[in-house]
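Let's take a walk through a protein model together, one stop at a time. Keep the picture open beside you as you read.

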Amino acid sequence: MLDKKKGRWAEELPFVLQTYMTTSKATTGQTPYSLVFGTEAVIPTELVIPTTRYPLQDQENNDRILAHNLDTIDELMDLTRIRIVAHQQRIAKAHNKNIKVERFQVGDLVLRKKFQNTKDPSTGKLAPKWEGSYLIDSKAGKGAYWLATLEGNVLPRSRNAIQLKVYFM
């Protein structure tokens with residue numbers, strides 16, 4: 001099935017975009033098309049085969065429905081904004097419940113987490129995931145700290161407390 005479509009993505013793209021634009025999204029509860037144009041899209045299939053959602057209508061009834069949709073577009077946008085904010089709050093709550101921020105004091109010894117771009121690719125998966133030891137030089141802000149080497153050289157960027165852990169000697 002997919003072998004027949006290979007290399008024809010440009011021909012299939014309009015159908016994929018139409019499907020995306022006419023599918024209701026969980027975040028907003030609306031379709032992207034209805035948020036832009038203020039009314040639901042009628043897909044070409046519904047012009048040929050009437051569905052229960054879009055019975056055959058006359059021009060006068062259609063104009064009345066469109067006028068009503070345009071009158072209520074502000075309410076639709078307000079409800080959508082409320083849904084988006086509620087969704088963002090749910091996502092933030094789910095994310096924040098697992099975060100354990102450690103508070104460090106100036107002078108504490110810490111290890112810094114190694115990231116993919118700072119790891120030596122030749123060391124493999126058994127390489128240490130932490131590097132250091134570093135001293136907490138000063139507080140950079142809420143949950144962020146300036147680090148210094150044991151010789152006293154301050155590192156160029158501050159680090160988030162999530163990227164640090166206490167080092168016991």
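This is a predicted model: local features need pLDDT of at least 70, side-chain atom pairs count only at pLDDT 80 or more; totals for chains, interfaces and linings use all residues.

Is Asp 120 buried, exposed or partly exposed? With a relative accessible area of 42%, Asp 120 is partly exposed, because that label covers values between the buried limit of 20% and the exposed limit of 50%. Now look across to Thr 149: Asp 120 and Thr 149 are 29 residues apart in sequence, and their C-alpha atoms are 20 Å apart in space.

Strands of a sheet pair through backbone hydrogen bonds, either parallel or antiparallel. Here, 5 strands form an open sheet in the order S4-S3-S2-S1-S5, with antiparallel pairing. At its edges you will find strand S4 (159-160) and strand S5 (164-166), each pairing on one side only. Further in, strand S2 (residues 130-141) pairs with strand S3 (residues 144-148) over 5 bridges, in the antiparallel sense. Within this pair, Ile 136 of the sheet stands opposite Leu 147 in S3.

Our last stop is Glu 131, a residue of strand S2. Glu 131 has a relative accessibility of 18%, so it counts as buried, the limit being under 20%. What does the side chain of Glu 131 make a polar contact with? Its partner is the side chain of Arg 112, at 2.4 Å. Setting aside neighbours within four places in sequence, Glu 131 is in contact with Leu 111, Arg 112 and Lys 114.

Notes:
Residues are numbered from 1 along each chain as its sequence is written. Side-chain values use heavy atoms; hydrogens and water are left out. Two strands pair if DSSP finds at least two bridges between them. Helices (H or I, at least four residues) and strands (E, at least two) are DSSP runs, numbered from the N terminus. Buried means under 20% relative accessible area, exposed over 50%, partly exposed in between (1.4 Å probe, protein chains only). A polar contact is a pair of N or O atoms within 3.5 Å; within protein, one must be able to donate a hydrogen and the other to accept it, and residues adjacent in sequence count only if both atoms are side-chain atoms. Contact means heavy atoms within 4.5 Å.
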